[in-house]
Amino acid sequence: MSLFADAARMEKQNIPFAMVIITESRGSAPRHDGQMLVMPEGNILGTVGGGMMERKVIDEALVALQDGKSRLFHGRMTRNGQDAVGSDCGGAMSVFISVHGVRPRLLLVGGGHVNRAIAHAASALNFNLLVTDIYAPNLQAGDFPAGTSLLLSHSFADALKEIVPDENTYVVIATNSSDLEVVSLLMGYPCRYLGLLASRRKVHTFTQHFMASGLTSSQLAPLRAPIGFDIGAETPEEIAISVLAEILQVKNGASGMLLDCTSDCLSVTGETA
């Protein structure tokens, strides 16, 4: 299997890796052309020449994976001076390190009408989609976009133990009758976004329940409910757009404010307003 086939497989499975490609080399560099894949554990596929240069490149790739950002690295095969890697060959190399397989995960708890619509709307937004339910008819593959992972479990507690939501997970809860249980379970996970699809009355009831059980306002703060922007949404498809807009606001660190036209905007005729 070629290196690029390995990369395509890991990208599809959302397995994090860094791809290293030599972009320039001079003098006695170990290689003048080559690619390498670096996994978060430090394992590699391929090579950019070995030695101290490759060790330094692997270190840089691991930092890139941790930051989630691609980078350019320059190394000189000397022991001293700028970009020195600690060897004596005298050559130099530049590599581009690109980060892959770190798509955010969108976890939809409950496979009903709204979460199905959210899955379809989110399929073009570079999320790793996962839907879980305890009711098999809600997890028919034909109801979800291709590539969606479907997890049927005996209980939501079992499902979450298998999924293990993390800081890169965005969660929408919309079950038939298990919302309170699921919210209670998910409060212990460090989700990037934790949202409950519910009416204001239901949210008030849940809040009273949690406060009576001893939780404080600060402990409840991670839960967003009701979710979505107020756009008058009524259909599952409209609600999906509303909810995803809020999720993207959180993901992108945006204000969510309207993009009001100012004097710097262009009019419909292409002239400055």
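Within helix α5, which spans residues 179–186, the buried residues are D179, V182, V183 and L186. These residues lie on the same side of α5, because the arc they cover around the axis is only 100°. The model is a predicted one. The cover over the buried residues of α5 is drawn from several elements, including the helices α4 (156–163) and α6 (200–212). Strands also take part in this cover, among them β6 (105–109), β9 (169–173), β10 (193–196) and β11 (223–224).

The axes of α4 and α5 are 10 Å apart and meet at an angle of about 30°. Angles under 35 degrees count as roughly parallel, and α4 is therefore roughly parallel to α5. The crossing of the two helices α4 and α5 is right-handed. On the α4 side the contact is made by F156, A157 and L160, and on the α5 side by E181, V182, L185 and L186.

At the level of the whole chain, domain 1 covers residues 3–100 and domain 2 covers residues 105–252. The centres of domain 1 and domain 2, taken over C-alpha atoms, are separated by 38 Å.

H100 belongs to strand β5, residues 92–100. Its relative accessible area is 25%, so H100 is partly exposed. Apart from neighbours within four places in sequence, the contacts of H100 are with E11, I15, P16, F17 and M19. The C-alpha atoms of H100 and A7 are 8.6 Å apart in space, although the two residues are 93 residues apart in sequence.

Key: Residues are numbered from 1 along each chain as its sequence is written. This is a predicted model: local features need pLDDT of at least 70, side-chain atom pairs count only at pLDDT 80 or more; totals for chains, interfaces and linings use all residues. Side-chain values use heavy atoms; hydrogens and water are left out. Domain bounds come from an automatic or database domain assignment. Buried means under 20% relative accessible area, exposed over 50%, partly exposed in between (1.4 Å probe, protein chains only). Helices (H or I, at least four residues) and strands (E, at least two) are DSSP runs, numbered from the N terminus. The arc is that of the directions from the helix axis to the C-beta atoms. Contact means heavy atoms within 4.5 Å. Axes are lines fitted to C-alpha atoms, for helices over the stretch in contact, and angles run from 0 to 180 degrees between N-to-C directions. Angles under 35 degrees count as roughly parallel, over 145 as roughly antiparallel, 65 to 115 as roughly perpendicular and the rest as oblique. A crossing is left-handed if the near helix is turned anticlockwise from the far one by less than a right angle, and right-handed if clockwise.
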